[in-house]
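Today I am opening a new page in my notebook. Come along while I look up rings, charges and surfaces.

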Amino acid sequence: MSRNDLHVENRKKRAMRGYAVALLSVFAALLVAHWPPIHLESAPVSLFLCAVIVSAWYGGAGPGCLAIGLSGLGFYYSFLPPMDAFIAKPGQIARFIVFILSAVLVGAVSVAQRSVAESLRRTRDDLRGTVQELKRTNEALVRSEAYLAGAQTLSHTGSFGWDISTGEQFWSDETYRIFEYDRAVKPNLQLALERVHPEDLELVQQATASVSQDGRNVDIEHRLLMPDGTVKTIRVLGQTSHEPGGKPVFLGAVTDVSVVKNAFEEIQSLKDQLYKENLALREEIDIT
């Protein structure tokens, strides 16, 4: 049985239970009204209205209407003189109409309250499901951020965003580490420029101007001069994109390539030294 078929079957069973409740509640009202120790023969209306309320609340409009009909028959037969007879009772028509109208009103109010209660229950369940989904999404986001932060740390690559219209920037943790700023410091372009090596400052300023004015992509390599005098070499890659509202945003990555750069320079220096030694050795051989 499919899930949809199971849902339909459950609805049918609940509807049958609702009609059964209507029958039982009206029957119970009749029994209690005729029970001598209680002495409710002269005031059975409240019992029938209770039966209507229970039926409409539990089963909805259908069982509520059934309870109203059965209560009307029971009230007309047993409690309107001449009692215990289905004959014309002209003198009791007004009383019977008032009873039916009262039962319809009570049933309608009960059905409305039931509908509101079910709506609130569905809303609560939906909210609970939404909260659970948001919780799972948040946990997945936290894991993704942790994985990304770990990958950036291993690769010495940080990310950043620059709102060109407002100048506001966002730096990842690795970007803060590369520029050696405290995480509590609010990032901006001036902070980045303060770390740029004086000999590379003009290059970086030209690149930032091309981004802010023309939205050009960036792929440059330059040096950073840190407060302790050490020099880093970084590579900056980025491109300008537009948010749904059309606001330009520059997104980029900055990689600390100092180790690679230094290793390359050492290899090149070693190659130059070997070349010179090889050249000197050849000259000695030629002389001899």
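Entry 1: I began with Trp171, which is buried, and so is Phe179. Buried means under 20% relative accessible area, exposed means over 50%, and partly exposed is in between (1.4 Å probe, protein chains only). I noted that this is a predicted model, where local features need pLDDT of at least 70, side-chain atom pairs count only at pLDDT 80 or more, and totals for chains, interfaces and linings use all residues. Residues are numbered from 1 along each chain as its sequence is written, and side-chain values use heavy atoms, with hydrogens and water left out.

**Entry 2: aromatic pairs.** How many aromatic pairs does the structure hold? I found 10. Rings of Phe, Tyr and Trp (its six-membered ring) pair if their centres lie within 6.5 Å; planes under 30 degrees apart count as stacked, over 60 as edge-to-face and the rest as tilted. One of the pairs is Phe75 with Phe99, stacked at 4.3 Å centre to centre with 15° between the planes. This pair links distant parts of the chain, since Phe75 is in helix 3 (residues 61–79) and Phe99 is in helix 4 (residues 93–155), 24 residues apart. Helices (H or I, at least four residues) and strands (E, at least two) are DSSP runs, numbered from the N terminus. Phe75 and Phe99 are both buried. Back at Trp171 and Phe179, I read ring centres 5.2 Å apart and planes at 25°, so that pair is stacked. I also wrote down one aromatic cluster, formed by Phe48, Phe75, Phe79 and Phe99.

**Entry 3: charges over rings.** Here NZ of Lys or CZ of Arg must be within 6 Å of the ring centre and within 35 degrees of the ring normal. The charged end of Arg14 sits over the ring of Tyr58, 5.1 Å from its centre. For Arg195, the charged end sits over the ring of Tyr181, 4.0 Å from the centre.

Entry 4: Next I looked at Gln92, in the loop between helix 3 and helix 4. Gln92 is buried because its relative accessible area is 18%. Not counting residues up to four places away in sequence, Gln92 touches Leu80 and Pro81 (contact means heavy atoms within 4.5 Å).

**Entry 5: the whole chain.** I listed eight helices and five strands. Of the 288 residues, 29% count as buried.
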